[in-house]
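Please find my notes on the model below. They are set out as numbered points.

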Amino acid sequence: MLRISTLLMVLFLFGCSSVDISQYQDNQPTLSLPEFFNGPLTAHGILKNRSGEVIRYFNATMTGSWDEEGIGTLDEDFIFDDGEKQKRIWTFTPDGKGSYLASAGDVKEAVPVKTSGNALFMAYVLNIFYKGEPLEVSIDDKMYRVSDKVIINESIMTKFGVDLGYITLTIIKDGNDTGS
C-alpha cells in the first residue's frame, strides 16, 4: 500500500510540473520579437470554458513597431463573434539582459518575456470585465512559432489556481512587412 501511495504521489508531482522553455532552444524557426512582431499581423482564436466548450471566437488585426531604443509596441484590435470590440496595446521594453518586459494598460504589472528557440512564455494578471464586474485573472501564455509567418498561442486563464478557460490563437504575419 505504501508503494502505491508513493507512486501516486510521484505521478501527481510530475503531472503538476510546468514545461521548461529551455527545452525549445534548438527549435526552428527562432522566435524573435522585433522580427516577427513588426508590421501588420492578423489573429484568429477561440475561447473555451473550463469544460472545453467553445464559448466565444474572435479575430484581430495587429500592428507591431520598434523604435531606435529597441522598445516594441504591438497594437491589437479584437472583434468577437457577439460584436464586442477590445483593444490592447502591448509595450516590450528591453530588460538589459537580452530579453524584454511586457506591459499593457489592462495588465496588472510589467512581466518578463521568456524566449527560447521557437517558443515564448509569458505569465501575467489581466484585468477583464465578467458580467459587468471587474475581475483579475491570471494568464499563462505559451507561443510557438511554427513557420516563418505563423505562431500558435495557447493560454490558460485561472483564478485562485482554478482553470477558468483556455484560449487558442493563431497569429499570422502579413507578407508585406511594412512596420518600422
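1. Strands here are DSSP runs of E of at least two residues, numbered from the N terminus. With that numbering, S99 falls in the loop that runs from β4 (85–94) to β5 (100–104).

2. The model is predicted. Its mean pLDDT over the chain is 90, with 87% of the residues at 70 or more. Residues 5–15 have a pLDDT below 50, and this stretch makes zero contacts in the model beyond near neighbours in sequence. Where pLDDT is low, the predicted coordinates should not be read in detail.

3. The fold contains a barrel, closed by ten strands in the order β1-β2-β3-β4-β5-β6-β7-β8-β9-β10, with antiparallel pairing. On average, and ignoring direction, neighbouring strands of this sheet are turned by 30° against each other.

4. Is S99 buried or exposed? Its relative accessibility is 18%, and buried means under 20%, so S99 counts as buried. The S99 side chain reaches the backbone oxygen of V113 at 2.5 Å. Apart from neighbours within four places in sequence, the residues in contact with S99 are T93, P94 and V113.

5. The two strands on either side of the S99 loop also pair with each other: β4 and β5 are antiparallel and share five bridges. Within this pairing, T93 is opposite L101 of β5. T93 is also one of the contacts of S99.

6. Strands β7 (residues 119–130) and β8 (residues 133–147) run antiparallel and are joined by twelve bridges. They form a hairpin with two residues between them, and K131 in that turn has a positive phi of about 55°. Y130 stands across from E133 of β8.

7. The largest nonpolar core consists of 33 residues, and F37, W90, F92 and I171 have the most contacts inside it. Another core, of five residues, lies apart from it and includes I21, Y24, F121 and Y144.

8. For F37, setting aside neighbours within four places in sequence, the contacts are S32, G64, S65, W66, L74, M143, I151 and I171.

Definitions and conventions
Residues numbered from 1 in each chain as written. Predicted model: local features only at pLDDT ≥ 70, side-chain atom pairs only at ≥ 80, totals over all residues. Heavy atoms only, no water. Helix = DSSP H or I, 4+ residues; strand = E, 2+ residues; numbered from the N terminus. Buried < 20%, exposed > 50% of the residue type's maximum accessible area, 1.4 Å probe, protein only. Polar contact = N/O pair within 3.5 Å; in protein donor to acceptor, adjacent residues only side chain to side chain. Contact = heavy atoms within 4.5 Å. Pairing = 2+ DSSP bridges. Axes fitted to C-alpha atoms, helices over the stretch in contact; angles between N-to-C directions. Core = buried A, V, L, I, M, F, W, Y, C linked by side-chain atoms within 4.5 Å. pLDDT = per-residue confidence, 0-100.
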